[in-house]
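Subject: A structure for you to look at

Hello,

Here is the structure I promised to hand over. Please open it and keep it beside this email as you read.

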Amino acid sequence: MLWPDPAQRDRLVEIRDNLLARIAEAEREGWLGEMEGLQVSLAGAEEKLTQLDRRPSRVVVDLGVPVITAPSAPRQHRPEERT
């Protein structure tokens, strides 16, 4: 799942607030179709804000500790070992 960028939270709040104001205007003016479309957009903005609020602030992943063994001694080449 793609998560909204936490740095954009303030922008999402601004968008939500603007949508609320536009919905109120559409309701006053009787623009029912406009109001319905704005409510769909509002639901999307609120869902993104909810995702940001649910997301843990930091996720720690344990990658384990690598095991490093001492290198083995290099094998010496002996001419008589040729096959």
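Below is what was found in it, from the overall picture down to single residues.

**Overall picture**

Bear in mind that this is a predicted model. The protein has two helices and zero strands. Helix 1 covers residues 9-29, and helix 2 covers 32-54. Of the 83 residues, 14% count as buried. Now take the contacts between residues at least 6 apart in sequence: 55% of them join residues at least 24 apart.

**The core**

Which residues make up the largest nonpolar core? There are seven: L19, I23, A26, M35, L38, L42 and A45. Helix 1 and helix 2 are the elements that give two or more residues to this core. Helix 2 gives the most, with four residues. In soluble globular proteins, nonpolar side chains tend to be buried together.

Look at L19 in particular. Leaving aside residues up to four places away in sequence, L19 touches L38, S41, L42 and A45.

**Salt bridges**

The count is five salt bridges.

- D53 pairs with R9, and their closest N and O atoms are 2.8 Å apart. D53 lies in helix 2 and R9 in helix 1, so this pair ties together parts that are 44 residues apart in sequence. R9 counts as partly exposed because its relative accessibility is 30%.
- R11 and E14 also meet through their side chains, at 3.2 Å from N to O. Both sit in helix 1, three residues apart, so about one helical turn separates them. R11 is partly exposed, with a relative accessible area of 43%. E14 is partly exposed too, at 48%.
- E47 and R54 form a salt bridge with an N to O distance of 3.9 Å. R54 has 52% relative accessibility, so R54 counts as exposed; the cut-off for exposed is over 50%.

**A patch on the surface**

Finally, look at the segment after helix 2, where L63 is placed. V59, V61 and L63 make a nonpolar surface patch of about 360 Å². Is L63 buried or exposed? L63 counts as exposed because its relative accessibility is 77%.

Best wishes

Key. Residues numbered from 1 in each chain as written. Predicted model: local features only at pLDDT ≥ 70, side-chain atom pairs only at ≥ 80, totals over all residues. Heavy atoms only, no water. Buried < 20%, exposed > 50% of the residue type's maximum accessible area, 1.4 Å probe, protein only. Contact = heavy atoms within 4.5 Å. Patch = residues over 30% accessible without salt bridge, like charges linked within 9 Å, V, L, I, M, F, W, Y side chains within 5 Å. Areas by Shrake-Rupley, 256 points an atom, 1.4 Å probe, with all protein chains shown as cover. Salt bridge = Lys/Arg side-chain N within 4 Å of Asp/Glu carboxyl O. Core = buried A, V, L, I, M, F, W, Y, C linked by side-chain atoms within 4.5 Å.
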